Amino acid sequence: MAEKVLVTGGGGYIGSHCVVELIEAGYHPVVVDNFSNAVRGEGDVPESIRRIEKFLDTSIEFHELDLLDQPGLEKLFKKHSFSAVMHFAGLKAVGESVEQPLRYYRVNLTASMNLLEVMQAHKVHNLVFSSSATVYGDPQRLPIDEQHPVGGCTNPYGQSKYFIEEIIKDHCKAEKDWNAMLLRYFNPIGAHSSGLIGEDPQGIPNNLLPYVAQVAVGRRECLSVYGNDYDTLDGTGVRDYIHVVDLAKGHIAALKKLKDGCGCKVYNLGTGTGYSVLQMVKAMEKASGKEIKYKIAPRREGDIASCYADPRLADKELGWKAKFDLERMCEDLWRWQSKNPTGFSDGTAS
């Protein structure tokens, strides 16, 4: 019988792509989401999950649940015997976290604490946690490996991820039968090759590539480039962009590694290559065949100049490395955006 894996926030961008990879790897995902960043489809199921069911010709168990609802979480764990949990649920916008720090700490920390407590009560001791390269703060050296100091975060979002990591580490020290994978993402972009699922931010996108894609498709007039006076090749911020499918496959590799009784481990999931904002704009112009208008705006509080990974540890210990190049990332992103000009609510791709 297939192992059941609970996927929190599984209706969102990264979570939904991981659901695809779980199914294709022979697991049985059970998805929970509170629709804070997922579009409600038919039957009160996230549209992303509904589409996955269609193109994989399968059915996926879904529960509308907020992890702040600990009794609801208890009820779910009583119903199922999970072999592991993939934890994606949480608030995730850097700029918004600077404006609403208390909300970010309350939601992200409380949700994670509730989840860990219920897992402990039901003897589910395997966890893959969706962390972030923001835990490294302003890099002291590049590329960033897993030994780079953490905790000097430049925004509350990054701080919340750092705090959750520390909670998980402490718990694994206290409970020797626990195994946890802390996966520090760099910048996920792209979409499933089908063009049926992708990133669909609710409201104005906080991340660069969804905004660029919406400008290319005519949904937004102009991109604001926040700062052109950084110490980089063209003055704009440099980031490590990774295809979301590569990222999802990294989660499957991490899930398999949990069986080794590995304790608590940390891995970077990135490509090891940094691209500037303006390089990404040009790459998307090439993929879409559209001119992408932009204007220079002041720097955003909490942003840093450059951040890119040293991903060799994941290659060595998980047998994982990113395979898709920048051109493929942008092509897949454009396929998703052009098929779904207003995101999941458009319905043209279904």
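User: I'd like to start with Asn 126. Which residues is Asn 126 in contact with, leaving aside its neighbours within four places in sequence?

Analyst: Happy to begin there. With those neighbours set aside, Asn 126 touches Ser 83, Ala 84, Val 85, Met 119, Asn 179 and Leu 258. Keep in mind that this is a predicted model.

User: Where does Asn 126 lie, and what does its side chain reach?

Analyst: Asn 126 lies in strand 5, which covers residues 126–132. Its side chain reaches the backbone oxygen of Ser 83 at 3.1 Å, and Ser 83 is also among the contacts of Asn 126.

User: Let's move on to cavities. How many cavities of 30 Å³ or more does a search of the whole structure find?

Analyst: First the general idea: rolling a probe the size of a water molecule over the atoms shows where empty space is left. Here, the search of the whole structure turns up two cavities of 30 Å³ or more.

User: Which residues lie nearest the centre of the largest cavity?

Analyst: Its lining has 13 residues, and those nearest the centre are Gly 12, Tyr 13, Asn 37, Gly 198 and Asp 200. Sorted by class, that lining has five nonpolar, five polar and three charged residues.

User: What lines the second largest cavity, and which helix supplies the largest share of its lining?

Analyst: The lining residues are His 87, Ala 89, Gly 90, Leu 91, Asn 108, Ser 112, Phe 129, Ser 160, Lys 161 and Ile 164. Helix 6 gives the largest share, with three residues. By class, this lining has four nonpolar, five polar and one charged residues.

User: How do I read a strand order such as 12-9-14?

Analyst: Read the numbers as the order of the strands across the sheet. In this case three strands form an open sheet with mixed pairing. Strand 12 (275–276) and strand 14 (306–307) are the edge strands, each pairing on one side only. Strand 9, residues 238–239, is joined to strand 14 by two bridges, and these two strands run parallel. Within that pairing, Arg 239 stands opposite Cys 307 in strand 14.

User: What should I look for in the backbone angles?

Analyst: As background, most residues other than glycine have a negative phi, and most peptide bonds are trans. Phe 35 has a phi near 65°, a positive value in a residue other than glycine. Phe 35 is found in the loop between strand 2 (28–33) and helix 2 (47–55).

User: Which residues does a cis peptide bond join?

Analyst: Leu 142 and Pro 143, with omega about -5°. Pro 143 is found in the loop between strand 5 and helix 6.

User: Finally, what feature does UniProt place at residues 6–332?

Analyst: The UniProt record, an unreviewed entry, places "domain: NAD(P)-binding" there. In the model, the end C-alpha atoms of residues 6–332 lie 27 Å apart, and the span is 39% helix and 17% strand.

Terms used: Residues numbered from 1 in each chain as written. Predicted model: local features only at pLDDT ≥ 70, side-chain atom pairs only at ≥ 80, totals over all residues. Heavy atoms only, no water. 1 Å grid on protein atoms, 1.4 Å probe; cavity = no way out; pocket = protein on both sides within 12 Å on 5 of 7 lines; lining within 4 Å. Points joined across faces, edges and corners; volume = space filled by probe spheres on them. Nonpolar A, V, L, I, M, F, W, Y, C, P; charged D, E, K, R; others polar. Helix = DSSP H or I, 4+ residues; strand = E, 2+ residues; numbered from the N terminus. Pairing = 2+ DSSP bridges. Polar contact = N/O pair within 3.5 Å; in protein donor to acceptor, adjacent residues only side chain to side chain. Contact = heavy atoms within 4.5 Å. UniProt positions renumbered as here; feature names shortened; annotations may be inferred.
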